[in-house]
Amino acid sequence: MTTTATFPQIVPTTRRFRMGDIPSTTYTSLSGAVFRRAFGNKKTNYTLDLTFVNITDTNTLTLIEHYEGVKGTFRSFALPEEIFSGMIDDLTDTIQAPSNVQWRYSRPLEVTSVKSNLSTLTISLVAEVKA
């Protein structure tokens, strides 16, 4: 199996993006008073779900090889522009902000075999800001 850190340039059928939030913790005292503490000023935990519907088994294998190549959920990587094909630049910039964002798999891939040589693949990613 080929190992690679470059995400395949395959355009997903759908993308679902969830904005991150500023890391914080909420404390509630015995009297019921609420106190929130922020641990930074940058949002974290952006998520991106990609679905590839009815792709060939060759493309499915390419995506599986990438998952294996980055050691599953362990290593992070950059996403190519093709992933955002069809989106306006401002939206792509919002998803890719800050500029040093890297993505990693948040869970193993899900593959559904539709019929001979066609599969649907679901990928869940979480963003990491590299210092």
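**Charges, shape and core of a predicted model**

Colleague: What makes the charge count of the chain, and how far apart do the two sets lie?

Modeller: This is a predicted model. The chain carries 13 positive and 12 negative side chains. The centres of the two sets are 10 Å apart. His is not counted here.

Colleague: Which elements make up the chain, and in what order?

Modeller: The chain has 2 helices and 7 strands. From the N terminus the order is β-β-β-β-α-α-β-β-β.

Colleague: Why is the chain called more spread out than a compact globule?

Modeller: The globule rule gives 14 Å for 131 residues. The radius of gyration is 18 Å, well over that, so the chain is more spread out than a compact globule. Its C-alpha atoms fill a box of roughly 65 × 30 × 25 Å along the principal axes.

Colleague: How much of the chain counts as buried?

Modeller: Buried means under 20% relative accessible area. By that cut-off, 31% of the 131 residues count. The chain exposes about 8,100 Å², with carbon and sulfur atoms supplying 51% of it.

Colleague: What makes up the largest nonpolar core?

Modeller: That core has 23 residues. Phe7, Leu79, Trp103, Tyr105, Ile123 and Leu125 have the most contacts inside it. Strands E4 (47-56), E5 (101-105) and E7 (118-129) and helix H1 (57-69) each supply at least two of its residues.

Colleague: What is Tyr105 in contact with, leaving aside neighbours within four places in sequence?

Modeller: Contact means heavy atoms within 4.5 Å. On that basis the partners of Tyr105 include Phe7, Leu63, Tyr67, Phe77, Ile123 and Leu125.

Definitions and conventions: Residues numbered from 1 in each chain as written. Predicted model: local features only at pLDDT ≥ 70, side-chain atom pairs only at ≥ 80, totals over all residues. Heavy atoms only, no water. Core = buried A, V, L, I, M, F, W, Y, C linked by side-chain atoms within 4.5 Å. Buried < 20%, exposed > 50% of the residue type's maximum accessible area, 1.4 Å probe, protein only. Helix = DSSP H or I, 4+ residues; strand = E, 2+ residues; numbered from the N terminus. Rg over C-alpha atoms; globule rule 2.2 N^0.38 Å. Areas by Shrake-Rupley, 256 points an atom, 1.4 Å probe, with all protein chains shown as cover. Charge placed at Lys NZ, Arg CZ, Asp CG, Glu CD.
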